[in-house]
Amino acid sequence: MKGQNNLFRGSSPSWANACVGNNGSPSFVEYAKGFSAAANLLIQKTLEGRDLDYSVDEFIYPICFNMRHSVELRLKGTVSWLQLLSKHRQRLPDFSLQSSHDLGRIWAFIKSHAPTLDKRYQYFVDKLDDFVSDLSEVDPTGQTFRYPHNQESEKHLTEVSVINVFILQKAFSEAEELLDKLNAFNEKLCLEYEQGTYTRKMSRHQIYLLAKELPPRSSWGDESFKFVKDRAKDHFGLSSNDFSRAARKIESHFELAVLIDKNPLLEDLDFNQVDAFFDAWASVHDLSKLRAPTNEPQIHDLNFENVIKELYEGDEKISKALDSISSSVTAEAVGELRALFYFARDLDYSEHYLEMASREKRELGSLRDAEPGRYNELLCKLIYKTNAFQNIVKSLLFLNQIALVNHLIDRYELPKTLEWLDRAKSRKPCSHLTVLGYDSWADVDSWLTQTA
């Protein structure tokens, strides 16, 4: 803006200064949330005043304008995500986000193209269709609640007559929650496709479902495999080439290959090294807490300087654990264990685990000889983690390392029923599926199968 603007500028108090433009990173979502908040605040004040302090007849216009504009911005945000997603899938028709304010047109674009990019979008289309359609019918271009007359001097809302604010509040609250979930889903889905685990016809999770149905790779040459293949082709609408592409993805994928009994073990971590680490870890920690049916040990924020001090002042248990691991577990295996521990915080994509493990193994491998003191510090820090067993098992289960987990359960005599272990066995899905409200892979599988 040219010159000094005396209206739109900063001043004191500093808390009243809003960050805009390049002083922040506003997108469709940030703008939409502001209009949503304004609509909700006006709704709240109007209902609390019971038409005494704030006139329903007057407030209905800013309420509906803010509500409708928030929805338009949120849907435009989804269109922008679809345009990004289309780089991984089929090309979408051109759509100008700047020139179109037609809510019906924006929604028609999403309804038509989002499920073709990924079938999981159908969930949101079905849930939001009535609300968005009602809104676009009454106010298609954002003018109905902005002005009393249209450009032809015709009065707005002559066919509506009465609008109940309580109904608006309930409907908008539900729609806003869904639109927030849709935005989170958009972001996570684009991240999912960036991993490269998809084909022209199948998403990552459709490939996952297919992998669960396939027999061991060694039997793919058997006559019985043809039946499985034909059934899968029919279910997912695949040609033989489509099926082959998906099968190759499964064979070469770290996480999915385990489901067909191929490449079942971690690269630098065998059963003996896992045993050696956890035997040493168990000598430091109270295993009775691990075996408690419903108790998951708390994570303790330890002062690591004190940990190292205790180590070098002769903490016998720690010293013995460190010596035991150092003599029987490779630096690369320690790196793999650290990656498994920290991956459990997110449990999102196995590709991220592979990147993390590669980085940890490279670092630990170089430190062991070059900086043994630093290597021992990192190893001690892992030994001191009270939740090391739980985290590592969770990651192993997510990565389908079932045989190794069963071995650990038997070795340390864990009860058959443990709350934390049952949750881990459910392989809680990635956050982009959590936004749909599913708590386990079984729920996800059921839903995806129905919509495949």
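Aromatic pairs are defined here for rings of Phe, Tyr and Trp (its six-membered ring) whose centres lie within 6.5 Å; planes under 30 degrees apart count as stacked, over 60 as edge-to-face and the rest as tilted. By this rule, 18 aromatic pairs are counted. The structure is a predicted model, in which local features need pLDDT of at least 70 and side-chain atom pairs count only at pLDDT 80 or more, while totals for chains, interfaces and linings use all residues. Residues are numbered from 1 along each chain as its sequence is written, and side-chain values use heavy atoms, with hydrogens and water left out.

**View 1. Overview of the protein.** The protein has 20 helices and 0 strands; helices (H or I, at least four residues) and strands (E, at least two) are DSSP runs, numbered from the N terminus. Of the 452 residues, 46% are buried, where buried means under 20% relative accessible area, exposed over 50%, and partly exposed in between (1.4 Å probe, protein chains only). Contact means heavy atoms within 4.5 Å. Among contacts between residues at least 6 apart in sequence, 74% join residues at least 24 apart.

**View 2. The aromatic pair Phe278 and Phe389.** A pair of aromatic rings is described by the distance of the centres and the angle of the planes. For Phe278 and Phe389 the ring centres are 5.0 Å apart and the planes stand at 65 degrees, so the pair is edge-to-face. Because Phe278 belongs to helix 9 (residues 271–282) and Phe389 to helix 16 (residues 388–398), the pair ties together parts that are 111 residues apart in sequence. Phe278 counts as buried at 0% relative accessibility, and Phe389 counts as buried at 2%. One aromatic cluster is formed by Phe277, Phe278, Trp281, Phe389 and Tyr412. Leaving aside neighbours within four places in sequence, Phe389 is in contact with Phe278, Trp281, Leu290, Leu408, Tyr412, Leu414 and Trp420.

**View 3. The nonpolar cores.** A nonpolar core is a set of buried Ala, Val, Leu, Ile, Met, Phe, Trp, Tyr and Cys residues joined through side-chain atoms within 4.5 Å. The largest core holds 58 residues, of which Phe277, Phe278, Trp281, Tyr353 and Phe389 touch the most other members. Helix 13 (residues 331–343) supplies the largest share of this core, 9 residues. A second, separate core of 43 residues includes Met67, Trp107, Phe124 and Leu128.

**View 4. Packing of helix 13 against helix 15.** Two packed helices are described by the angle between their axes and the distance between the axes. Axes are lines fitted to C-alpha atoms, for helices over the stretch in contact, and angles run from 0 to 180 degrees between N-to-C directions. The axes of helix 13 and helix 15 (residues 372–384) come within 11 Å and cross at roughly 45 degrees. Helix 13 is therefore oblique to helix 15; angles under 35 degrees count as roughly parallel, over 145 as roughly antiparallel, 65 to 115 as roughly perpendicular and the rest as oblique. The crossing of the two helices is left-handed, a term used if the near helix is turned anticlockwise from the far one by less than a right angle, with right-handed used if clockwise. From helix 13, Ala331, Val334, Leu337, Arg338 and Phe341 meet Tyr375, Leu378, Leu379 and Leu382 of helix 15.

View 5. Leaving aside neighbours within four places in sequence, Thr46 is in contact with Asp51, Tyr54, Val56, Phe59 and Ile63.

**View 6. Backbone geometry.** Most residues other than glycine have a negative phi, and most peptide bonds are trans. A cis peptide bond, with omega of about 0 degrees, joins Ser12 and Pro13; Pro13 is in the segment before helix 1. Leu157, although not a glycine, has a positive phi of about 65 degrees. Leu157 lies in the loop between helix 4 (122–138) and helix 5 (165–194) and is partly exposed, with a relative accessible area of 22%. Asn400, also not a glycine, has a positive phi of about 65 degrees. This residue, Asn400, is in the loop between helix 16 and helix 17 (402–411) and is buried, with a relative accessible area of 7%.
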